[in-house]
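Please look over the sequence and the model shown here before reading on.

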Amino acid sequence: MNNQVMVRKYLSIDDIQKEYLPISKKRLRAFAKKYLDVKIIGNRMFVEREQLESLLNSEYIKEMTLRD
């Protein structure tokens, strides 16, 4: 049997808040709308994990955090 952990392709704002960025949901939603492709299903917003991780690892985001 395969012991590999199932990795979800899409993350909700709640998941991003728990796993990546511990900031308010309001700021996370604004961040996601500005920098990522967002999928809205019902009242929930989802982004691709791969796209989020590549943005967080990019030099652009590091420059943004240094300026703030």
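**Order of the elements**

Starting at the N terminus, the elements of the protein follow the order β-α-α-β-β-α-α, which comes to four helices and three strands; helices (H or I, at least four residues) and strands (E, at least two) are DSSP runs, numbered from the N terminus. The model is a predicted one, in which local features need pLDDT of at least 70 and side-chain atom pairs count only at pLDDT 80 or more, while totals for chains, interfaces and linings use all residues. Residues are numbered from 1 along each chain as its sequence is written, and side-chain values use heavy atoms, with hydrogens and water left out.

Of the 68 residues of the protein, 25% count as buried, where buried means under 20% relative accessible area, exposed means over 50%, and partly exposed lies in between (1.4 Å probe, protein chains only). The accessible surface of the protein is about 5600 Å², and carbon and sulfur atoms hold 51% of that surface; such areas come from the Shrake-Rupley method with a 1.4 Å probe, and for residues only the protein chains shown count as cover. Among the contacts in the protein with a separation of 6 or more, 49% are between residues 24 or more positions apart, a contact being heavy atoms within 4.5 Å.

**The strands**

Strand E1 (residues 10-12) and E3 run antiparallel and are joined by three bridges, and two strands are said to pair if DSSP finds at least two bridges between them. Within this pairing, Tyr10 stands opposite Glu48 in E3. Ser12, also placed in E1, is buried at a relative accessible area of 2%, and, leaving aside neighbours within four places in sequence, Ser12 is in contact with Arg44, Met45 and Phe46.

Strand E2 (residues 38-41) pairs with E3 in the antiparallel sense as well, over four bridges, and the bridge partner of Val38 in E3 is Val47. The hairpin of E2 and E3 has two residues between the strands, and in this hairpin Gly42 takes a positive phi near 65 degrees.

**The core and helix H2**

Which residues make up the largest nonpolar core? This core has eleven residues, namely Leu11, Ile13, Ile16, Leu28, Phe31, Ala32, Leu36, Met45, Val47, Leu52 and Leu55. Helix H1 (13-19), helix H2 (25-35), strand E3 (44-48) and helix H3 (49-57) each supply at least two residues of the core, and H2 gives the most, with three residues. A nonpolar core is here a set of buried Ala, Val, Leu, Ile, Met, Phe, Trp, Tyr and Cys residues joined through side-chain atoms within 4.5 Å.

The buried residues of H2 are Leu28, Phe31 and Ala32. Seen down the axis of H2, these buried residues fall within an arc of 95 degrees, so they line one face of the helix; the arc is that of the directions from the helix axis to the C-beta atoms. On the other side of H2, Lys26, Arg27, Lys33 and Lys34 are exposed. Leu28, not counting residues up to four places away in sequence, touches Ile13, Ile16, Gln17, Leu21 and Ile23.

**An aromatic pair and two distances**

A search of the whole structure finds one aromatic pair. Its members are Phe31 and Tyr35, which form a tilted pair at 5.3 Å centre to centre with 50 degrees between the planes; rings of Phe, Tyr and Trp (its six-membered ring) pair if their centres lie within 6.5 Å, and planes under 30 degrees apart count as stacked, over 60 as edge-to-face and the rest as tilted. Because Phe31 and Tyr35 are four residues apart in helix H2, about one helical turn separates them. Phe31 is buried, with a relative accessible area of 14%, whereas Tyr35 is partly exposed, with a relative accessible area of 24%.

Tyr35 and Leu52 are 17 residues apart in sequence, and their C-alpha atoms are 8.9 Å apart in space. Glu50, found in helix H3, counts as exposed at 64% relative accessibility.
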